[in-house]
Structures are given as structure tokens and as C-alpha cells.
Amino acid sequence: MRCAACVVRNGALVGYVVPAELDASTLKASLASALPAYMVPSVVVALEALPLTANGKVDRKALPDPAVKHAGYVAPRTPNEAALCAVYEDVLGVKRIGVHDDFFVLGGHSLLAMRAARETGYSVTQIIMHPNIASLAQQAPDSAALSRSTSMRATDAERRMVYL
């Protein structure tokens, strides 16, 4: 790899690398073994060259938008999967999420995982450990999370966080 840059696009970390023939999945696996999960780009875009400004710096505005690839749409098979798909579509602002689409590849992050956890009854840990709906639906919702969400009233600060 000769050059690399990372930017945040639509709430997701996007990595741009040169040369274009670099394998994005190998790079993501290598980064995942060395970096915390929140520092690994959701999408890696391979380019022939990074666009530069007149000063020789990376022109971040000229970097192309990434094409997010869905894992191939697979419709929900159970009512639980259908409900999770509806929540993920609402939380992520993405239409037509399949059961094998990855929450984090579609632009999810820890704050959105917290929102999804509140709306589904699953814990944030379960959502992070099972990022697609097919694997999450096989888990039992966290009963402690359900009891916390019904027994505790949100503080003013927590209610303001929903709108961030």
C-alpha cells in the first residue's frame, strides 16, 4: 500500500487506499487484528491515486462516495427477523435490509447500536457480537435490558441523546 486516507461519510468510517489492486477484505482483516473495532473502516475503496489539493494534501471533498454493497437481499423468514429488519431500517435510515446485511457495514456504530438495543430488547453487546439479523434473531433478548428499559425512566440527557 502506497497511500491511505480515512474519512467519515454518512456516519461510517470509509478507508481509501492506493493501489487499486489491493484486496479490501484482506486489508480489513489485517486492520481488525491490530485496531479496535471502531477504528476499522466499514468500507474500503481502492483508488488508482488519491485526489490532491494544490498544496499536495489529500482533497477529502474530492474522494468518491463509497458504494455500499448489501450481502444479497434475503427476506426475513420469521416474525422476529421481520421486526428486527424494521427496527434496523428505522435506526440506520436504510431501506430494505436483509437478514444477512451487516449492521456496521450499513453505517451502524455504537450510538446507533444503543438505540437499536433500546428498541429491540437485545443488549448492545448482543448487537455488536451478532451484527446481522439472522444471527441476532437466534439469540434470546437480554431480559435484564428489557427490565431496565421498562423500569427506569430516561433522564433529560438521555432523551436529548436520541436526537443526535
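Let's start with a charged pair: the side chains of Glu119 and Arg118 meet in a salt bridge, 3.8 Å from N to O. By salt bridge I mean a side-chain nitrogen of Lys or Arg within 4 Å of a carboxyl oxygen of Asp or Glu. Keep in mind that this is a predicted model, where local features need pLDDT of at least 70, side-chain atom pairs count only at pLDDT 80 or more, and totals for chains, interfaces and linings use all residues. Residues are numbered from 1 along each chain as its sequence is written, and side-chain values use heavy atoms, with hydrogens and water left out.

Glu119 is partly exposed at 34% relative accessibility. Arg118 is partly exposed too, at 46%. The cut-offs: buried is under 20% relative accessible area, exposed is over 50%, partly exposed is in between, with a 1.4 Å probe and protein chains only. Shared partners join Asp90, Arg115, Arg118 and Glu119 into one network of salt bridges.

Now Asp90 and Arg115. Their side chains form a salt bridge at 3.4 Å, N to O. Asp90 sits in helix H2 and Arg115 in helix H3, so the pair ties together parts 25 residues apart in sequence. Helices here are DSSP runs of H or I, at least four residues, and strands are runs of E, at least two, numbered from the N terminus.

One more bridge: Glu81 with Arg77, closest N and O atoms 3.0 Å apart. Buried or exposed, what is Glu81? Buried, at 5% relative accessibility. Arg77 is exposed, at 53%.

On to H2. Its buried residues are Glu81, Leu84, Cys85, Val87, Tyr88, Val91 and Leu92. Seen down the axis of H2, they fall within an arc of 165°, so they line one face of the helix. That arc is taken from the directions from the helix axis to the C-beta atoms. What do they pack against? Helix H3 (110–120), helix H4 (124–129) and helix H5 (133–137).

Last, the core. The largest nonpolar core has 21 residues. Such a core is a set of buried Ala, Val, Leu, Ile, Met, Phe, Trp, Tyr and Cys residues joined through side-chain atoms within 4.5 Å. H2 gives the most to this core, with 6 residues. Tyr88 is among those with the most contacts inside it. Beyond four places in sequence, Tyr88 contacts residues including Ile97, Phe103, Ile127 and Ile133; contact means heavy atoms within 4.5 Å.
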